[in-house]
Amino acid sequence: MAKYTLIPKQAFTHNSIRILQSGQPYFARLFQLIEEAKYIIHLQFYIFDLDGTGRLVLGALKEAAKRGVKIFVVVDAYASDQINPETSAEFTDHGIHIKRFSPINYKGGIKLGRRLHHKIVWVDGKWALIGGINIADKYSGFHGKEPWLDFALEISGPMCINIKKVCDEVLHKQWLKQAYRNYKPELHKENLPYLSRVIQNDFFRRRLQISAGYRQAIRHSHESLVIVASYFLPGNGLRRLIKRACDRQVKVTIILVGMSDVPFIKPAIIWLYDWMFRNKISVYEWQRSVLHGKLAVVDHQWVTLGSFNLNELSDYGSLELNVEVNDQHFAIETEKYLQKLIEEGCKQIQPETYRKQKNWLI
């Protein structure tokens, strides 16, 4: 079995970890956590739309605030543009602390800055949700349509300690000092051996842990590599590592978008199909909705899941958060889950079919 290095100071055992899929599984648990919160709720989201789903989440937060729960919401100012200086009052008037991360500055030109790409829910130090699911109708399916396919990990246990540190880092210190004054940690410790850690990418702070984790796992893979990638545009270095894995006879499977929310993404990914087929990579496209998930499993042992996309924007332009799990049982269960998704909602792209389509387009 290949060895994957988790930094001892950041890795924890005794965590309970399970995968939640977008739609009802994720949002039912989100509402339950908000309703059961006693002390503090942290939310950090790239997209928090004030649509039907966002209004339901906001309503649940207001009810929690009435019970005396301290609530902190951080959203990316660019992607969550429905939460602006005017609509922020819908939060603050109910005692909810709201921060718009890296607001757009239109004076003297547009300054985009770093983007907050986190999707975090942290409740009472006891529970957390980490993944790629945003707060919007397209992720919940509440509007009656198939939700975008994405994932999150529900976590309880010591790893919540480090998740709290990630949340605190982007908040005003005076808010936190007051909030934690009467806070009583409720660490929920499970007797499970999952070795796991939260890892970040933030080029500004020279944190490239997620990128390094992918490279480490792929470099030492010897049997299998399964990747779910909604915006799969790897740089030359990562493509070389995947090619070398293929040369070692590692079985590589990649699940990609059948349809994308970003117009240029699908043609750019298709441009890579020739490279994938030359290296005998099995290629699948998710058909039932937009694919938005980011997940990988290596050698039935190592799993990474979170907000990080395999492209240079996630490497250099965004704050990203993933969870790594180094556990054979969890990895095998994750592979079974992905295989079910392949069987129920994917189409395998064959080299012959792709080349015929490509020639017809030319």
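**Exercise 1.** Classify Phe27 in this predicted model as buried or exposed, then classify the geometry of its ring pair with Tyr26.

Solution. Step 1: the cut-off for buried is under 20% relative accessible area. Phe27 has 0% relative accessibility, so Phe27 counts as buried. Step 2: Tyr26, at 1%, is buried as well. Step 3: the two ring centres are 5.1 Å apart and the planes stand at 80°. Planes over 60 degrees apart count as edge-to-face, so the pair of Tyr26 and Phe27 is edge-to-face. Step 4: ring pairs join Tyr26 and Phe27 with Phe142 in a cluster.

**Exercise 2.** Determine the geometry of the ring pair Tyr214 and Phe308, and state which parts of the chain this pair ties together.

Solution. Step 1: the centres are 5.8 Å apart and the planes lie at 35°, so the pair is tilted. Step 2: Tyr214 belongs to helix 7 (residues 209-219), while Phe308 sits in the loop between strand 15 (302-306) and helix 11 (312-316). The pair therefore ties together parts that are 94 residues apart in sequence. Step 3: both Tyr214 and Phe308 are buried.

**Exercise 3.** For the salt bridge between Arg55 and Glu90, find the elements involved and the exposure of each residue.

Solution. Step 1: the side chains meet at 2.3 Å, N to O. Step 2: Arg55 is in helix 2 (residues 52-66) and Glu90 in helix 3 (residues 89-92), so the bridge ties together parts 35 residues apart in sequence. Step 3: Arg55, at 39% relative accessibility, counts as partly exposed; Glu90, at 24%, also counts as partly exposed.

**Exercise 4.** Which side chain of opposite charge is nearest to Glu335, and what does Glu335 touch?

Solution. Step 1: Glu335 is in helix 12 (residues 328-345). Step 2: Glu335 is buried but has no salt bridge, and the nearest side chain of opposite charge, Lys336, is 8.8 Å away. Step 3: not counting residues up to four places away in sequence, Glu335 touches Ser224, Val226, Val297 and His300.

How values were computed. Residues numbered from 1 in each chain as written. Predicted model: local features only at pLDDT ≥ 70, side-chain atom pairs only at ≥ 80, totals over all residues. Heavy atoms only, no water. Phe/Tyr/Trp six-rings, centres within 6.5 Å; stacked < 30°, edge-to-face > 60°. Buried < 20%, exposed > 50% of the residue type's maximum accessible area, 1.4 Å probe, protein only. Helix = DSSP H or I, 4+ residues; strand = E, 2+ residues; numbered from the N terminus. Lys, Arg positive; Asp, Glu negative; His and termini not counted. Salt bridge = Lys/Arg side-chain N within 4 Å of Asp/Glu carboxyl O. Contact = heavy atoms within 4.5 Å.
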